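This report walks through the side-chain interactions of one protein model. It takes charged pairs, then the disulfide, then the aromatic rings.

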Amino acid sequence: QVQLVESGGGLVQAGGSLRLSCAASGRTFSSYAVTWFRQAPGKEREFVAAISWSGGDTRYGDSVKGRFTISRDNTKNTVYLQMNSLKPEDTAVYYCAANSYTSTIPKTYDYWGQGTQVTVSS
């Protein structure tokens with residue numbers, strides 16, 4: 001079992017930055033790939049970024065490439081999502097999810113955090 005808790009969301013103006021954290025419980029966190037998804041009201045859950053268990057492989061959704069950076073510190077059981085140059089269309093609830101392999105498909109993930117709200121104003 002893996003338990004995940006997101007934090008770091010909030011209200012920012014367009015062009016601003018936020019850093020989200022995904023903290024995991026358990027001693028086996030380093031063996032999991034971790035992915036960030038987001039979901040805006042009335043929309044499907046969208047892939048944002050993913051990182052392998054080693055941190056050596058990262059992937060990004062087209063809408064966030066060049067603006068967001070995913071990283072992990074396995075000694076702290078934490079994955080980060082640095083979000084720069086935020087746009088109003090980035091407004092959503094952001095979730096982290098863990099899997100034994102990297103995937104961009106939400107239905108393949110069994111372990112999810114509770115989500116953290118990110119709101120970007122114009």
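A salt bridge is a side-chain nitrogen of Lys or Arg within 4 Å of a carboxyl oxygen of Asp or Glu.

## Basis

The model is predicted: local features need pLDDT of at least 70, side-chain atom pairs count only at pLDDT 80 or more, and totals for chains, interfaces and linings use all residues. Residues are numbered from 1 along each chain as its sequence is written, and side-chain values use heavy atoms, with hydrogens and water left out.

## Salt bridges

The whole structure holds five salt bridges. Arg 38, Glu 46, Arg 67 and Asp 90 are linked in a network of them. Glu 46 meets Arg 38 at 2.9 Å, N to O. Arg 38 also bridges to Asp 90, with the closest N and O atoms 2.9 Å apart. Arg 38 lies in strand β4 and Asp 90 in the loop between β8 (78-83) and β9, so this pair ties together parts that are 52 residues apart in sequence. Strands here are DSSP E runs of at least two residues, and helices are H or I runs of at least four; both are numbered from the N terminus.

Asp 90 is buried at 0%. Glu 46 is partly exposed at 33%. Away from these residues, Asp 62 forms a salt bridge with Lys 65, at 3.1 Å between the closest N and O atoms. Asp 62 is exposed, at 66%.

## Around Arg 38

Arg 38 sits in strand β4, residues 33-39. Its relative accessibility is 5%, so Arg 38 counts as buried. Its side chain makes a polar contact of 2.8 Å with the side chain of Tyr 94. A polar contact is a pair of N or O atoms within 3.5 Å; within protein, one must be able to donate a hydrogen and the other to accept it, and residues adjacent in sequence count only if both atoms are side-chain atoms.

Contact means heavy atoms within 4.5 Å. Leaving aside residues up to four places away in sequence, Arg 38 touches a set of residues including Arg 45, Val 48, Ser 63, Phe 68 and Val 93.

## The disulfide

There is one disulfide (cysteine sulfur atoms within 2.5 Å). Cys 22 and Cys 96 form it, with sulfurs 2.1 Å apart. The link is right-handed, at 70 degrees about the S-S bond. It joins distant parts of the chain: Cys 22 is in strand β3 (residues 18-24) and Cys 96 in strand β9 (residues 92-99), 74 residues apart. Cys 22 is buried at 0%. Cys 96 is buried at 0%.

## Aromatic rings

Rings of Phe, Tyr and Trp (its six-membered ring) pair if their centres lie within 6.5 Å; planes under 30 degrees apart count as stacked, over 60 as edge-to-face and the rest as tilted. The count is six aromatic pairs. Phe 37 and Tyr 109 are edge-to-face, with centres 5.5 Å apart and planes at 75 degrees. Phe 37 is in strand β4 and Tyr 109 in the loop between β9 and β10 (111-112), so the pair ties together parts 72 residues apart in sequence. Tyr 109 and Trp 112 are also edge-to-face, at 6.1 Å and 65 degrees. Phe 37, Phe 47, Tyr 95, Tyr 109 and Trp 112 form one cluster.

Phe 37 is buried at 0%. Tyr 109 is buried at 5%. Trp 112 is partly exposed at 25%.

Which rings have Arg 45 over them? A charge sits over a ring if NZ of Lys or CZ of Arg is within 6 Å of the ring centre and within 35 degrees of the ring normal. Arg 45 lies over the face of Tyr 95, 4.0 Å from the ring centre. The charged end of Arg 45 also sits over the ring of Trp 112, 4.7 Å from its centre.

Note on methods: Buried means under 20% relative accessible area, exposed over 50%, partly exposed in between (1.4 Å probe, protein chains only).
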